Amino acid sequence: MTLDELRAGLDETAVGAELYDCIRELYPICRSLTGDGVRETLRRLSRRLPLAIHGVPTGTPAFDWTVPKEWNIRDAWVKDARGAKVIDFQRSNLHVVSGSAPVRRRMSLAALRPHLHALPDRPDWIPYRASFYEETWGFCLSQRQLDALPEGEYEVCIDASLAPGALTYGECAIAGESADEVIVSCHVCHPSLANDNLSGIAIAAALGRELRRVSLRYSYRILFLPGTIGPLVWLSRNEDAVARIRHGLVLVGLGDRGRLTYKKSQGGDAVVDRAAAHVLRHAGDHAVEDFSPYGYGERQYCAPGFDLPVGRLSRTPHGRFPEYHTSADDLDFVDPGQLARALAACLDIVDVLEHDRTYANQSPMGEPQLGRRGLYRGPGEDEMAMLWVLNQSDGRRSLLDIAERSGCPFPAIRRAAGALERHGLLKRHDTPGGGEAR
Ligand code: ZN
């Protein structure tokens, strides 16, 4: 199957329901930077997309970082003087600061207080907090719960372990014609948060599954990595693959009701930056933002030692919606239609990357006679696309260049080039090895 046929056959309602179903299945799992939650998530994902699951031992260096101890949690609670649970991990895994050291002790409210985190501005929401690189512990609760705690003695229990183990990540390699690679990366380290991490995970898995069904020019690698240390570990163990990366996308926060937002790679003018901007412009309301050294995997992929052409696709960027990192980022916060349209945008970006080629016009002395060849059916988008491709195909300008200059959507330019090539009016003029001409 071609990517074009796949894209045309995509049913938004069915795709949205499936993406949402994936999020709903993974939502209850208590993920963290390391541990059983990530493994269970990857195990379940591998039923949707075949994954190689890697475990990297605690203590393994990754550039300036080291794989930390593995964290696992069984239960946690705070009981009041009468033995009633006033905070209960079984009700929400957000109640425990992710990565908390084990603790079991009695303490006064005053002593417990510095370990309690709430959101005064959003009194019904539980915040999400994590602490992975210093041994501490804490609970998160709603401001209303906190305000209701009477003075007195409390019993505190975090039944967790922080011990030598492994960091787990998953990857799916999809072979294309060329060994040159496109990476798609998402983070898998957050507990029950639907938009932050699960929307990216569901869309990355679906994108991988769809790409496995079509013939591809590039090879693709879908990466499911815990935040920060995950990309660093992957980069440190995959020198050969890193050298073959030509384009990349970080996927995060794609299920909320906001518009699509693309954040450019560090260089800002990579083909993926232009492809994403082009696709979003033709898809409607959107934003394109410049790079900043903050965020998700792009912080590592775009570090100066790599400086990879990797951008980030999201909807409302992190920190710019009140539900961010709270219990309100739940299953109601993500929308199946938004998820489906985000996946469609990913496929459209891939379509540009796959088909952005350079051609040379084989009949450049004036316009070739299109009508004689059955190529001209009267003024319309396809005819304009054909005239643009003929005019601009000088062996240097690529189809994406032509799409940008003409204002025509890339698929129209690509179809026009295909028709002209079939009639001998265009000839492929790519650099040797199938790489990009620019
Ligand atoms: Zn987050």
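A residue is called buried when its relative accessible area is under 20%, exposed when over 50%, and partly exposed in between, with a 1.4 Å probe and protein chains only. The model is predicted, so that local features need pLDDT of at least 70 and side-chain atom pairs count only at pLDDT 80 or more, while totals for chains, interfaces and linings use all residues. Residues are numbered from 1 along each chain as its sequence is written, and side-chain values use heavy atoms, with hydrogens and water left out.

N197 lies in helix α6 (residues 194-211), helices being DSSP runs of H or I with at least four residues and strands runs of E with at least two, numbered from the N terminus. With a relative accessible area of 1%, N197 is buried.

F63, also not a glycine, has a positive phi of about 55°, and its place is the loop between β2 (61-62) and β3 (65-66). F63 counts as partly exposed because its relative accessibility is 49%.

Helix α6 also packs against helix α11 (residues 336-355), at an angle of about 50° and with the axes 10 Å apart. The two helices are therefore oblique to each other, since angles under 35 degrees count as roughly parallel, over 145 as roughly antiparallel, 65 to 115 as roughly perpendicular and the rest as oblique. In this contact (heavy atoms within 4.5 Å), S199, I203, A206, L207, E210 and L211 of α6 meet L339, A342, L343, C346, L347 and V350 of α11.

Key:
Axes fitted to C-alpha atoms, helices over the stretch in contact; angles between N-to-C directions.
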